[in-house]
Amino acid sequence: MRLYSDLAPWFHLLTHPSDYADEAEFVRRVVDEVVSGEARTLLELGSGGGNNASHLKERFKCTLTDLSFEMLALSQELNPDCEHLEGDMRTLRLGRTFDVVFIHDAVSYLTSEDDLGAAIETAAVHVRPDGVVVLTPDATREIFKSGIDTGGHDGEDGRSLRYLEWTHASEEPDGTTYVVDYAILLRERNRPVRVVHDQHTLGLFPGATWHRLIENAGLELVDTGVENPFALEQAAFVARRPAK
Ligand SMILES: C[S@@+](CC[C@H](N)C(=O)[O-])C[C@H]1O[C@@H](n2cnc3c(N)ncnc32)[C@H](O)[C@@H]1O
């Protein structure tokens, strides 16, 4: 995916850190409601451009991990005060635990049940007993909607980006994926506008599959009373690692 490799330096013009304040606030409120004991440290798997982290770091000491070196470099500029580590959320093993493990939209890039189960296992391995895991995929089978979205931002350096995001169902109705096509316009001072097409294949699982994989990883699902402001466009699974 070009968005997370050669186009990574444009990512904050596609989705700006300021767009993430409400999502980060939701995570903070969920953790405060569910956690037993102090919640000081947070591990994010698939932290991307560090947008959520730019808000979460006001509340937690954040360790940020991603598969993409380019995205980590971008996040490092925004969040020089956070620890950054390269790693695949399916296999990462840091040998330490955190009060909170969070996976935002990056978890949507896991397209098979085995991969999703492996990422949830990684979250379970890294959360301390009585700590909290928060998973917020872009869709479940129940809330998935096809459609288009548009947006983009102007940078302070003369660069601007506009995009059209086209979400559509997979051609295999019983498959575990859907597709998002991005048409992206990139404008730079004194240069012709460039057009890029980037196609992303994302995972789509019923809520029941998420519940089963979370429980298989030894986590306990928690029904939180905190209202998710994005409930129509984003699922949220909250779990606790039971104290032995
Ligand atoms: C939409 S971005 C995440 C943006 C992030 N929520 C933020 O606040 O900036 C998705 C990220 O998932 C990462 N990713 C995809 N598959 C991954 C995997 N298996 N392990 C770790 N990161 C992964 C990509 O490299 C990309 O940076």
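How many bridges join E6 to strand E7 (residues 160-169)? The legends below take this up in turn. This is a predicted model, in which local features need pLDDT of at least 70 and side-chain atom pairs count only at pLDDT 80 or more, while totals for chains, interfaces and linings use all residues. Residues are numbered from 1 along each chain as its sequence is written.

**View 1. The protein as a whole has six helices and 11 strands.** Helices (H or I, at least four residues) and strands (E, at least two) are DSSP runs, numbered from the N terminus. The C-alpha atoms fill a box of roughly 60 × 45 × 30 Å, taken along the principal axes.

**View 2. Four strands form an open, antiparallel sheet in the order E6-E7-E8-E9.** Strand E6 (147-154) and strand E9 (194-203) stand at the edges, and because each has a single partner strand, one side of each is left without a neighbour in the sheet. From one strand to the next the twist averages 20°, where axes are lines fitted to C-alpha atoms, for helices over the stretch in contact, and angles run from 0 to 180 degrees between N-to-C directions. Eight bridges join E6 to E7, and the two strands run antiparallel; two strands are said to pair if DSSP finds at least two bridges between them. His153 has Leu161, in E7, as its bridge partner.

**View 3. Seven strands form an open sheet of mixed pairing, in the order E3-E2-E1-E4-E5-E11-E10.** Its edge strands, E3 (83-86) and E10 (220-221), each pair on one side only. Within this sheet, strand E5 (residues 127-135) and strand E11 (residues 237-240) pair in the antiparallel sense over four bridges, and the bridge partner of Val133 in E11 is Ala239. Helix H2 (residues 21-34) packs on the sheet, where it touches strand E4 (98-103), E5 and E11, and its direction makes about 150° with that of E5.

**View 4. The ligand has 21 residues around it, of which Gly46, Gly48, Asn51, Ser68 and Ala106 come nearest.** A residue is near a molecule or strand if its C-beta atom, placed from the backbone, lies within 6 Å of it. The shell around the ligand divides into eight nonpolar, nine polar and four charged residues, with Ala, Val, Leu, Ile, Met, Phe, Trp, Tyr, Cys and Pro counted as nonpolar, Asp, Glu, Lys and Arg as charged, and the others, Gly among them, as polar.

**View 5. Domain 1 (2-139 + 206-240) and domain 2 (147-203) are given by the domain assignment.** Such bounds come from an automatic or database domain assignment. Their contact takes 15 residues from domain 1 and 16 residues from domain 2, two residues being in contact if their C-beta atoms, placed from the backbone, lie within 7 Å.
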